[in-house]
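Let's take a look at this one together, starting from the inside and working out to the ligand.

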Amino acid sequence: MKFSTVIPFSIIYNISQVSRRTPELISLSRNLSHSSVVFCKNKKSSETSKYKAKDNEHPLKVDVPVENIRNFSIIAHVDHGKSTLADRLLEMTGAVAFNSGHQILDKLQVERERGITVKAQTASLDYSYEGDDKVPSGNYLLNLIDTPGHVDFCGEVSRSLLASQGAILLVDANKGVQAQTVANYRLAVSRGLVVVPVINKIDLKNADPDRVVSQLNKIFGLEEDTILRISAKLGSGVEDVLKAVVREIPPPPADVSASFRGLVFDSWFDKYRGAVLLIYIRDGFLRVGDHITSAQSGQNYEVRSLGLLRPSEEPCKMLCAGQVGYMTCNVRNPAEVHIGATFHRKGETVEQLPGVSAATPLVFAGVYPSDQSQYTSLRSALEKLVLNDSAVTMATDSSPALGQGWRLGFLGLLHLEVFGQRLEQEYGAEPVMTAPSVTYKAKLLGAKNIKKYGTDEITFSNPAHFPDVQIVSEFYEPVVTATIITPDEYLGSVMTLCLDRRGQQISSVNIDNDRVMLQFLLPLNEIIVDFHDYIKSTSSGYASFDYESSGYVPTKIVKIDILLNGNKVEELCTVCHFSRAVMVGRHLCTRLRDLVPRQLFQVAVQAVVGSKIVARENIKALRKDVTAKCYGGDITRKMKLLRRQAEGKKKMRMIGNIEVPKHTFISVLKR
Ligand SMILES: Nc1nc2c(ncn2[C@@H]2O[C@H](COP(=O)(O)OP(=O)(O)OP(=O)(O)O)[C@@H](O)[C@H]2O)c(=O)[nH]1
């Protein structure tokens, strides 16, 4: 069977001008052996590409039918070698030169600094397959998506899988199956993807691939002969991965002859072109100049540019069914972009493609400009960054101390940290980020209160919105099911840590001779700040941890108010479990004692729950030496001066109002 056919662009264009849905066109396009990929190449890439133009008269070529396209993601636990494998695949397929640099797809500064992937990246690769009993030889177009491994970026993995029919599941030959391996495998299988299991780092001295094979077999039921063994670093066995992708992963279920349907699964902002959308063409084709509509918002656009990522942008005039590429259509307002939206041709009605359900944010933090004059520029930076990181939710908020700002929702603490770092590095913004919190629920008492709020259950993440306990029958807090895989020897300390954090054990399974997989139900509030660090330090870095949201459970939470000299400071209040109130109160009081500037009189810092004071610190008074002018003389003279000073201070304390500078609030509120 011959796949490559060259069609002058003008023919395709003219046919489609007549009518896209006529039976003639459908049969013609089928006869053209699924003329699915039409793209132009710039001079440089056409030299390196395996798809050499058959004539130089026209820059457009038709190659690679849908049957020869493979869309796949690389999924794994953190640091199991996804980006390294992606580099090797790019090199072996000629997309980049050999040894062109480390981690080509980790483009962000934050990724290079931290050595982790935080953003899924796409690359289209050309691969010439020799053929076997299952698939014929030919030129294949492989669309690879390198995904992040950390649990906080699972939203990226989830979106990447939307545009994939298969996934390479990478497992470290030394560390074996880890918590995120389990989570990613389950996610891929639940989406109906074909999983290609690959054991990486077999070159390591203490690699034990046989043990990993038995783990994969025990946990996922994967057969030994389907598991590949490679060293992504050295490149050994990587060719087999390419072959397995072509052999095992099915082509996209695309219909070239149907009306155009495309799914937006990622986007970023370009200051010249507006929003750049990463689109998976499910059916039909899309050309520059086409008029399209977003099924989600009903808004119309004209396609300004199209292209493939190889891995840098390579413009083309057309994208066809099965392909993954980028598109710009002069979207200036980032809020118009909906990840998971289906695009179709203007005036047509199509069935929407299944999108992604929005990731549920678990951790919330306030973001405020350090100066209100920077409000507009910070808003624009936030909107652009949220466009690139659609797992973040954004709602306006205000604080008496920090002014107008936003309350942002994140998938975890690392996500929050990375977002703050990207804001600074990519947009030069230096906002104030407040301490993270979670969303609580409160069931209301009495018909009057239910009528007042319009509901019998209110939710709040901002401690300032904590309802009056008199009107609440029950509080609820979010919990997660945590999966922890740890070596036997650390089992005791890991379990102690979980129980300390109010955890309830669900299960414990031995996954091999020296590793245990634990499942715990843990309150989210207990793990958002430092749980991951503690797990790593109690297990010398060997245990891995992953979690998924498990709804809400009844709880006893209290609001801690902070009083300065008897006056309540609303912005400093916080919410915690009643058993932690004394500890949290003490911590806040100590911080304030060190941060609030000393006054001429002593100031009491108190942490109060309801009417009970749970912690107190004193900020000592500034002492003026009123006896400085008394050289020698009678002691009673000195005593008189000191007595007068003490009386004055007492008066001041009664009427004195403390001036707390803004930076003190910022230091206490921020993490
Ligand atoms: N010895 C050896 N080291 C490897 C191999 N593959 C990757 N590494 C190393 O493992 C570390 C992590 O590799 P990455 O490719 O960044 O891992 P990753 O899965 O992309 O990491 P995240 O995206 O942050 O989850 C790097 O130091 C790599 O050099 C291999 O086959 N052998």
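Which residues have the most contacts inside the largest nonpolar core? They are Leu169 and Ile484, in a core of 142 residues. Keep in mind that this is a predicted model. Strand 10 (residues 274–283) gives the most to this core, with seven residues. In soluble globular proteins, nonpolar side chains tend to be buried together.

Now follow Ile484. If you skip its neighbours within four places in sequence, Ile484 is in contact with Ala179, Val494, Leu518, Phe520, Ile535, Ala543 and Phe545.

One of those partners, Ile535, takes us to helix 15 (residues 531–538), where Phe531, His532 and Ile535 are buried. Why do these three sit on the same side of helix 15? Because they cover an arc of only 100 degrees around the axis. An α-helix has 3.6 residues a turn, so residues three or four places apart point the same way. Just after helix 15, Ser540 takes a positive phi of about 50 degrees.

Finally, the ligand. There are 20 residues around it, and Gly81, Ile116, Thr117, Gly149 and Lys233 come nearest. By class, the shell around the ligand has six nonpolar, nine polar and five charged residues. Helix 4 (residues 82–92) supplies the largest share of that shell, with three residues.

Key: Residues numbered from 1 in each chain as written. Predicted model: local features only at pLDDT ≥ 70, side-chain atom pairs only at ≥ 80, totals over all residues. Near = placed C-beta within 6 Å. Helix = DSSP H or I, 4+ residues; strand = E, 2+ residues; numbered from the N terminus. Nonpolar A, V, L, I, M, F, W, Y, C, P; charged D, E, K, R; others polar. Buried ≥ 20, exposed ≤ 12 C-beta atoms within 10 Å, placed from the backbone. Arc of directions from axis to C-beta. Core = buried A, V, L, I, M, F, W, Y, C linked by C-beta atoms within 7 Å. Contact = placed C-beta atoms within 7 Å.
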